[in-house]
Amino acid sequence: MPIANSKISLAGSPGSEHSPASASSNAKKRIRVFLVSLALICVWLTVRFPYEVESGVEHLLNGPNRVNPQTLHLHGEFVESNLGPTEEPDGRVTVRMIAEQYLFVPQCVVVPTGVPIRFRMTSADVVHKPAISEAADELKVVPGYVVETHLQFPRAGEYQMPCHEFCGPGHYTMRSRLIAVSPEQFRNLSPDGRVNCASQ
Amino acid sequence: MPHSEWLAQARNRLKNRIAPAILPLAFLLLLYGSAVVMGSDVAEPPVRIPSNVAWTAATIAMASSGDALRGLLIGRRCDRCHGREGFSSSPSVPNLAALDRLVIWKQLDDFRSGKRSSHVMQPIANSLSLQDSADVAAYYGMMPIAPDPQDDRAFPQPLSDPKHEAIAGRLISTGDGNRGLPPCQACHGPIGFVLGAPSLATQNATYLLEQLEAFASARRANDINMRMRSIAAQLTEDERHALAESYGAGVAESGFAGR
C-alpha cells in the first residue's frame, strides 16, 4: 500500500523529467529554492552573523563595535597600552578612551588641531556621557558597545571633557582634559603618536 | 522497481533542490572566509594586562564561594603579620578585618600571577589555591571591626599635622572637580563601592601612603583600567600624606558628610 501511494505521488509530481509540461514548473521550482535560500542567508547575515563572528560583515562595514565591558583590560583594542591617541599608518589619529566610574581614562589626552580625529570610546560599567567643549555634543557611551565619532579641534589649547550623565556619587568630578596642539608639535611630542599628559 | 524509483527521486532532488542552493552557499562561504581573514587582519596592539582578574559572573561566584571555617584554619598563617583579629600591629601592614571578600581574593590572585609584587606575599599566595584564597577572603570578610583591648593593633594612629584633616576631608567627601579627582568615598565607601575597591575606614596610614606612592609611580599597576594610577598620579605629595594619615587616624570611619 505505501509503495502504491508513492508511485502515484511520483507520477503526479512535477519532478519526473520526461514530461515537457513539468519542465517549466521545474525551472520555477529551482528559482523558488534559489530565492528562499538567498532570503534565509540574508536573514542569517543580518540577525546572527555579527554574533557568530565578532569580526564579521559588521566589522567589514563599521569596524568592531561590540565589547565585553568586564574584560576590556584583558584583550582587544581597549587594553591599557592601547589607550590614548594613536597615529595610524595612513597618518590619521585615533583616540581610544574608557569611561568608568568616575574617570575617563586616560585623564589627559594630547590631540592635533585642524585634522579630523577618530574617537572610539566604551564604558566599563554604566552609561556615561562625555561632552567635549567646542568640539562636540555629548557622546553617549554605553557598556558593551563602542561609540565612534570624528571630531576636529579648531584652536590650540585646553578642552574640557566632563560627564553629562549622572553615573553615581562621584559623577560631579568626572572629567578629562584634551590638549590640542598643532600637528607639527604633536608629531614632535610623540614619534609613535602616543601622548599622555595625565601625570603633569 | 522501488530501487530505480528511489534513484530517480534522488536525482530529481539533487537537480531541483540542492543544485540551485550551491551558488548562494558558495557565496556565503566566500563572505565568511573573507570576513574572518579581514578580522584577523586588524593589528593586535602590544598588550599590557594589569590583572588577570575580570569581574565576570563566574569570577564573582568563585571569589565569593569561600568557606569561612576553612579560611579560619588557613588564616592562622596570616596572624603573625595581619593580626589575630585582622588588625596588624605594624602600620605598614594592611588590616584585613571586614574587607570585602572580592578585594582579598583579587589581591591574592594578583600576587599569585605576579601582577602585584611583594617578596612576602607572592610566595604565600603561590601556596594557596583559588579555593583557599576564597576561603581566607570569606574568613577575613566576616571579621568584626570592633575594638578589642587585648589586641595589639596599630590602628588608629594619630594625625601628625592637624591641617591634614581638612585637606583629606575635602578630597574624601567631594574630590576635586578641576583636576577630575573623584571623591574617595564614592568607590571606597561608605557612600558607594565599586567591585574590587577596599573599604578604607580602618586601614593603616603607612600602608596607604606606600600604596598611593606605588600607584602614582606605577610601581603597583594591578588596578583594572588604571583607576588608582590615574588618581594617585594627580595627587600632590602633601595630599597623599593627608589622605593616608586621615584614614589611618580613623577619621573617615565616622564619615565626612557633614564637613
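## Legends for views of chain B

**View 1. Placement of the two domains of chain B.** The C-alpha centres of domain 1 of chain B and domain 2 of chain B are 21 Å apart. The model shown is predicted. Domain 1 of chain B covers residues 57–141, and domain 2 of chain B covers residues 163–254.

**View 2. The contact between domain 1 and domain 2 of chain B.** On the side of domain 1 of chain B, 16 residues take part, and they are in contact with 14 residues of domain 2 of chain B. The side of domain 1 of chain B that touches domain 2 of chain B comprises 8 nonpolar residues, together with 5 charged and 3 polar ones.

**View 3. Secondary structure of chain B.** Chain B contains 12 helices and 0 strands. Followed along the sequence, the pattern of chain B reads α-α-α-α-α-α-α-α-α-α-α-α.

**View 4. Overall dimensions of chain B.** Along its principal axes, the C-alpha trace of chain B spans about 100 × 50 × 35 Å. The radius of gyration of chain B is 28 Å, whereas a compact globule of 259 residues would have a value near 18 Å.

**View 5. Burial and contacts within chain B.** Of the 259 residues in chain B, 39% are buried. When contacts in chain B between residues at least 6 apart in sequence are considered, 74% of them join residues at least 24 apart.

Definitions and conventions
Residues are numbered from 1 along each chain as its sequence is written. Chains are lettered from A and ligands numbered from 1 in the order in which they are written. This is a predicted model: local features need pLDDT of at least 70, side-chain atom pairs count only at pLDDT 80 or more; totals for chains, interfaces and linings use all residues. Helices (H or I, at least four residues) and strands (E, at least two) are DSSP runs, numbered from the N terminus. The radius of gyration is taken over C-alpha atoms; the globule rule is 2.2 Å times the number of residues to the power 0.38. A residue is buried if 20 or more other C-beta atoms lie within 10 Å of its own, exposed if 12 or fewer, and partly exposed in between; C-beta atoms are placed from the backbone. Two residues are in contact if their C-beta atoms, placed from the backbone, lie within 7 Å. Domain bounds come from an automatic or database domain assignment. Ala, Val, Leu, Ile, Met, Phe, Trp, Tyr, Cys and Pro count as nonpolar, Asp, Glu, Lys and Arg as charged, and the others, Gly among them, as polar.
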